[in-house]
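Me: Hello! Please take a close look at one part of this model for me: the pairing of charged side chains. I would like one connected walk through it.

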Amino acid sequence: MFGSSQGDGIQALLAAEQEAQQIVGEARRAKAERLRQAREEAEKEAAAYRQQREEHFARQLQAQTGDSSSVTQQLEAETARQVQQIQACTQKQGGEVSSMLLTMVTTVK
């Protein structure tokens, strides 16, 4: 009688071992699937973040480029204003300077 109960016990252990191997195999497959999904999600998030940063950089670059042209325009306007002031001053005092130079050149000491 012990022979058949021991055989049943061994069969039960073998069946339990096979069931455990199936459970472990399923767990490994599920883990691999979760890792694959996590990797895909991480890649999508990284791509979205990269796109966001590139757009932000492009906007900043555009803003700075626009600012540099406005700075250039401001500098050109300031330069033109200063040139006009110098020309006005030269016209205003040009006669006096010419007479002073003429006097200095013609006066002998």
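Reply: Happy to! Buried residues make up 1% of the 109 residues in the chain (buried means under 20% relative accessible area, exposed over 50% and partly exposed in between, with a 1.4 Å probe and protein chains only). Please keep in mind that this is a predicted model, in which local features need pLDDT of at least 70 and side-chain atom pairs count only at pLDDT 80 or more, while totals for chains, interfaces and linings use all residues. Residues are numbered from 1 along each chain as its sequence is written, and side-chain values use heavy atoms, leaving out hydrogens and water.

First, the setting. The chain holds one helix and zero strands (DSSP runs, numbered from the N terminus: H or I of at least four residues for helices, E of at least two for strands). With a radius of gyration of 46 Å, well over the 13 Å that the globule rule gives for 109 residues, the chain is more spread out than a compact globule (the radius is taken over C-alpha atoms, and the rule is 2.2 Å times the number of residues to the power 0.38). The C-alpha atoms fill a box of roughly 150 × 30 × 10 Å along the principal axes.

Now the charges. There are 13 positive and 15 negative side chains, counting Lys and Arg as positive and Asp and Glu as negative, without His or the chain ends. Side chains of opposite charge can pair when their charged atoms come close. The count comes to four salt bridges (a side-chain nitrogen of Lys or Arg within 4 Å of a carboxyl oxygen of Asp or Glu).

One of them joins Arg29 to Glu26, with the closest N and O atoms 2.6 Å apart. Arg29 is exposed at a relative accessible area of 51%, whereas Glu26 is partly exposed at 48%.

Arg36 and Glu33 form another salt bridge, 2.2 Å from N to O, and they too sit three residues apart in helix α1, about one helical turn. Arg36 counts as partly exposed at 32% relative accessibility, as does Glu33 at 32%.

Further along, Arg81 meets Glu78 in a salt bridge of 2.3 Å, N to O; both lie in helix α1, three residues apart, about one turn. Arg81 is partly exposed at 37% and Glu78 is partly exposed at 30%. Finally, salt bridges that share partners link Glu33, Arg36 and Glu40 into one network.

Key. Charge placed at Lys NZ, Arg CZ, Asp CG, Glu CD.
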